[in-house]
Amino acid sequence: TPCALLWRAEDRVLKRAHLPDYEMLFPRRTVKIIPGWGHFPMIETPEAYMREVAALCEALVARQ
């Protein structure tokens, strides 16, 4: 199943070093790393977060 990982470059909870562990679990993945985002972009920058989620959803649908 294709999936998308929207990773936050400045996240102090799920660090960038954790990303390879998640990539191993999802071989058909799309990864997008957003510079400047911390752990709660959905609260801190909701419009930008929504645009990124929508773009990833569109990309996943296009891959089907």
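How far is the sulfur of Cys3 from the closest cysteine sulfur? I got 12 Å, with Cys57 as the partner, and that is too far for a bond. From the side of Cys57, I found Cys3 as the closest, again at 12 Å and too far.

Note on the source: I'm working with a predicted model, where local features need pLDDT of at least 70, side-chain atom pairs count only at pLDDT 80 or more, and totals for chains, interfaces and linings use all residues. Residues are numbered from 1 along each chain as its sequence is written, and side-chain values use heavy atoms, with hydrogens and water left out.

Entry on disulfides. I reminded myself that a disulfide is a covalent bond between the sulfur atoms of two cysteines. The cut-off I used is a pair of cysteine sulfur atoms within 2.5 Å. By that rule I count 0 disulfides.

Entry on burial. My scale is relative accessible area with a 1.4 Å probe and protein chains only: buried is under 20%, exposed is over 50%, and partly exposed is in between. Cys3 has 15%, so I wrote it down as buried. Cys57 has 43%, so that one went down as partly exposed.

Entry on strand β1. Helices (H or I, at least four residues) and strands (E, at least two) are DSSP runs, numbered from the N terminus. I then looked for its neighbour: β1 pairs with β2 in the parallel sense, over 6 bridges (pairing takes at least two DSSP bridges between two strands). Cys3 stands opposite Arg29 in β2, and Arg8 has Ile34 in β2 as its bridge partner.

Entry on the loop. Phe26 sits in the loop between α1 (19-25) and β2 (29-34). Is Phe26 buried or partly exposed? Its relative accessibility is 33%, so it counts as partly exposed.

Entry on helix α3. I found Ala59 in this helix, which spans residues 46-63. Ala59 is partly exposed because its relative accessibility is 34%. I also checked Ala59 against Gly36: they are 23 residues apart along the chain, and their C-alpha atoms are separated by 22 Å.
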